[in-house]
Structure formats: C-alpha cells, structure tokens
Amino acid sequence: MHPSEANLALYAGGELGLWARMRMAGHVSCCEVCSRQVEEFRGIREWMQSQDGMPAGIDWGPLAAELKANIRLGLAAGQCVAPAPQVVRPVSGWRAAVVLPILLVVVVGWWLQSWAPPALPAAKSAGPRGLVLTASPRAIELQQDDRAFALLSPRSAEVTFSVSGQGARSRYVDSETGYVTISHVSTQ
Amino acid sequence: MLVVGGVLAAGAQPAPVQPASSFKINFPADSPVAVVNADWGESRTTTLGGALVLELHSALSLRNSSQARIRGVTLLVLAQEVTPGGKASVSVPSLDIRAGETFPVRIDLRLLRPVGAGGGPLVEIGLDGVLFDNLSFYGPNRLNSRRSMTVWELEARRDRRHFKSILEAQGPEGLRKEMLASLARQTERTNLDVQVTRRGRATAVAAAEREHPVQFAFLRLAEAPLEPLSGLAQVSGNEARAPRIEVLNRSDRPIRYFEIGWIIKDRQGGQFLAGSLPASDPSLKLGPGQKSQVVEEATLKFSRRMGQPLAIEALSGFVSQVEFADGHLWIPSRAALADPLLERVLAPSPEEQRLTGLYRRRGLVALVNELKKF
C-alpha cells in the first residue's frame, strides 16, 4: 500500500520524524511511483524556494490574526456545547493530547479551504524580469515573473542536455518505451 | 507536524486535470500521423498559495497513416498564455515506423501561473514535423525541427555504419567492447546545470570576480567546411556572457546555418560541454571564402550538481554542424569525434544512446538483430 500524498510531501520536505522517515525511505527506495512523486514534490518545493520569498500582494498580519481568532472561536465553541461541569474533574492528559491537535488541524484545514487566495499581481514589487531558462536533469524550465513552463524528464536517470541563448534541449532514453525523447524549450 | 500536515492536506490539494479544458491537440487534416489515443492518466493540478501548478503526464499513441517509413516526429507544445512566447517541442528521433504501425510519444510538463489568470486551454499540442526514411519532411517546421531531425538521422546512419563495421571486422565481442566503452564514457561524462538569461547578468558578482574577456581556443576538424577564426566571451566566475565567434566559409558552397559547440574548462581542470552557439541570423548566406561573426546576447551561468563551486578558466570551440544553402547538412565524422577532448565531453548521438540502452536492457543478441534491420 502506498503512503498518503501528505506523508510523501512531508517526507520530501524532510518534515517527518525519525521512524516515519526511515519507514518512508525504505518504501520510496523500492517504489517507483512514490519515488517519482517525492521527486515532483521536491521539484515544486525547490521552485517555490527559488522565487522571491512569499507571493506578493498578501498581507500576512491580518491572516495570522484571523487564524488565531478562528482557533480561539473553535475552542470557545467546544466549551459552549460541553455539558455544564457538575464535578470538577481534571481533564486527563491523553485526551487533551488527542483532541486539541485534531481540533487545530480541523480549524486550520477549514480556514485554508474557505480562503480564496488572491491572484498574484504580476510581480509588481520586483518589476518585470527577463526570461530565465534553467536546464537541469529533472527539467528544462522557462520562467518569467510569476509564471513558469517546464518540460520534465521523469523517466530516466541519464539525461543529457545542451543550451544556447535560443533555448535548451534535454535528451534521455525513455525507460518504458526504449525510445530517445528530446525536449526543447525555446526562448525566442 | 500535524499543523504542517493539515496545511499540506488542505492547501496543496492535488486534483485530476480536466483534459478538455486544459489541453488541445491540433493536428492538420492531412497529417501523416494520427492520434489513436491520448492518455492523461497521471495529470493533476495543485494550488500552492496564490499559484496554480499543473502537471501533465500524457502518453499519446500515434499511427503512421502515410505509406513511407517514419524516422522522426516532433510535436509542438505551445503554452503562450502561461509564458509569453512559451514555445517548446518534444521529438522522438531514431524511429523505424512502417505504414499503419503505432508508436508512443510521451509529454511530461509542468505549468505554474497565478490562480485565476486566463481561461481556455493552457497547452496546445500540434505537429511540427515528420521526417521520413528518404529524408523528406512534412510539417510547419515552426521550431526548425526539419534541420534538427535531419541532423539526428544523419548521425544515426553514421553511427549505425560505425557499429556495423565493428561487428563485421571484430565480431560480436568487438561490438560488446565498443558498447561498454560508450557506456563508460556516458557514465564518466559530467553535465553542468545551466541558467540562461537573455539580457543582463544572471547574478550580481563580487568585485573579486570582475568580468574579463576570455579568448576561445579552437579544435580544428580537418573536413569541416567552416573554420572558426577567433572568438571571446565576457567571463566572471561561473558566468559567460555575450560569446562571439568569427568564422570563415572554406567550402565551395554558400552556408545558411551553422553551430559552434563550446567547451569550458574550470580552475580544477574539469572540462565540460557548455552548449552551442548557433548562427542566429535567419537570412544568413555566407558565400565561399566569406567571413561572418556570430554573437549571442545572453548570459550563461553554470553550476555543478550538489552546489559545488565552478569558476571558468578557459573556453574552446569546434564546428558541430553546418547547413548549406542547398539544404545539405554537414556533421563531424566518427574519426573527427575520436579527438580525446571531444570524446570525453560530447554526449553520444541519440542513436548511440538508444543502441547502448538497448544493449544494456536486452543484451548483445538484441543489439545485433537491431543493427541488421538497417
């Protein structure tokens, strides 16, 4: 059975705990599907990190305040619907440890689902940048401002590529078909 | 950790792609290849903050609906709405597809754009060209796939001749040694990651790495119709900017296109194929005995894998292909490519790559049978 996408994403970002990470590493090393998915998550992560920080045009202060308010609201709502305390009993530690993180995840998930992310203004803070073409064994990517277009090389470990000012080419033998596949991204 | 899981579960929501609204396949009515099936199985979209990431993993099944054997196909991939001028292609050379046979072409791409931007199909997939056994060509040729596919086919014929001559002269064991030598070269060869910017510098540099001109040295290939005379590029650390090379047509025919391959040497003595410098003037007509200069207003920034530093020390160049005004093409011979430096840094031709892959996967008998087909 394959691990969930969320766990694969956490693994790709190095966010899993030691044991979970070891278990996942064992699975990924022998599962081509999951290995490819981890590589894709890493690629996206690297791309995001290569951008100029967080998306422009988002005021994070109010969003953080809204998140805190939603969590407090959830906790307060939980208290409202709870039966009135008749006997003062200490809450056992394990219940709190289970319920609070779940509640937190539900509230955060609800908030993210309901928040429509604002469209990115076309990098107005950075101003227009030229086209940038990047060639690596994983992909040839053409990037301008907040947009990018990449041809990927997912089915081979041995990728060769060549570049010129007019574009880049990558070449690999498709492990499934045995055919040579040549990707070309033009800057013209 | 749970919070991060919640964020990923809710924020990065992979969803299957609706092919009809995202992609459009558009082949001409008289196309010699027809789409039999299009599988978009693993394609999906993910929202990350304000960005929409769309991954397309498609397998197109194409049928040769002409009467001639197909040697190569190039599909045009247009994503104009995502990146201005976003033009790309996926080619499959070294084919041997008879009339009525089907073959797969895979396209794997990723698009990233702001959420809510634009409408209509994001990617249009068309046909840029088909190359047949007799080197005739069909297609709009918007990305010059005719020249590229013809060069690959000429290289394929050259390399098959080379391997067949070894098989005849030294038998299967000789061919095995040649395959192992090629595989060893492919393994030892180092590829650099490259970033190309069309204007300005790729990065700001410290004063210690001030830009300075570096002259090209040239490998003279005896039978090349073009002779590189001089050249230089502005170098700073791991960046080379605005390479320019002067060439002389020493053949008796006018030339309309050429490419100069260039090799960089770093301060640790490593040598790497940096890329190519193509003639950029579409109206070029370089007569016999005439000189021309090719200039590229771009900056190329090189880096090794795993972030190891690299500093360019020297540049060298060689003529890698020439197209005459009458459409004939020149490529280096196997003898010319046996130069120790070229042998070390050049990637094998697509056909050599395919044949060594076949040897590795299916063994010597399968390789010998494959060579006998041609």
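Among contacts in chain B between residues at least 6 apart in sequence, what share joins residues at least 24 apart? I looked this up and got 71%. Two residues are in contact if their C-beta atoms, placed from the backbone, lie within 7 Å. For chain A I asked for the corresponding share, and it is 44%.

**Ground rules**

I am working on a predicted model, where local features need pLDDT of at least 70, side-chain atom pairs count only at pLDDT 80 or more, and totals for chains, interfaces and linings use all residues. Residues are numbered from 1 along each chain as its sequence is written, while chains are lettered from A and ligands numbered from 1 in the order in which they are written.

**Chain overview**

I listed the helices and strands next. These are DSSP runs, numbered from the N terminus: helices are H or I with at least four residues, strands are E with at least two. Chain A has five helices and six strands. Along the sequence its pattern reads α-α-α-α-α-β-β-β-β-β-β. Chain B has six helices and 20 strands.

Then I checked burial. A residue is buried if 20 or more other C-beta atoms lie within 10 Å of its own, exposed if 12 or fewer, and partly exposed in between; the C-beta atoms are placed from the backbone. Of the 188 residues in chain A, 32% are buried. Of the 374 residues in chain B, 41% are buried.

I also noted the domains of chain A, whose bounds come from an automatic or database domain assignment. They are domain 1 (5-50), domain 2 (60-81 + 91-114) and domain 3 (132-186). The C-alpha centres of domain 1 and domain 3 of chain A lie 22 Å apart.

Helix 1 of chain A covers residues 5-12. Its buried residues include A:Leu8, A:Ala9 and A:Tyr11. After helix 1 comes A:Gly14, with a positive phi near 70 degrees.

Is A:Phe41 buried or exposed? A:Phe41 is buried, because 20 other C-beta atoms lie within 10 Å. I found A:Phe41 in helix 3 (residues 32-50) of chain A. Leaving aside neighbours within four places in sequence, A:Phe41 is in contact with A:Leu8, A:Ala9 and A:Ala12. A:Phe41 and A:Tyr11 are 30 residues apart in sequence, and their C-alpha atoms are 9.3 Å apart.

**Chain B: two helices**

I turned to helix 3 (residues 145-188) and helix 6 (residues 350-372) of chain B. They pack at an angle of about 50 degrees, with their axes 10 Å apart. That angle makes helix 3 of chain B oblique to helix 6 of chain B. Under 35 degrees counts as roughly parallel, over 145 as roughly antiparallel, 65 to 115 as roughly perpendicular, and the rest as oblique. Axes are lines fitted to C-alpha atoms, for helices over the stretch in contact, and angles run from 0 to 180 degrees between N-to-C directions.

Most residues other than glycine have a negative phi. I looked up two exceptions in chain B.

B:Ser94 has a positive phi near 55 degrees. B:Ser94 sits in the loop between strand 7 (87-92) and strand 8 (102-114) of chain B. B:Ser94 is buried, with 24 other C-beta atoms within 10 Å.

B:Leu135 is not a glycine either, and has a positive phi of about 65 degrees. Its place is the loop between strand 9 (123-132) and strand 10 (137-138) of chain B. B:Leu135 counts as partly exposed, because it has 15 C-beta neighbours inside 10 Å.
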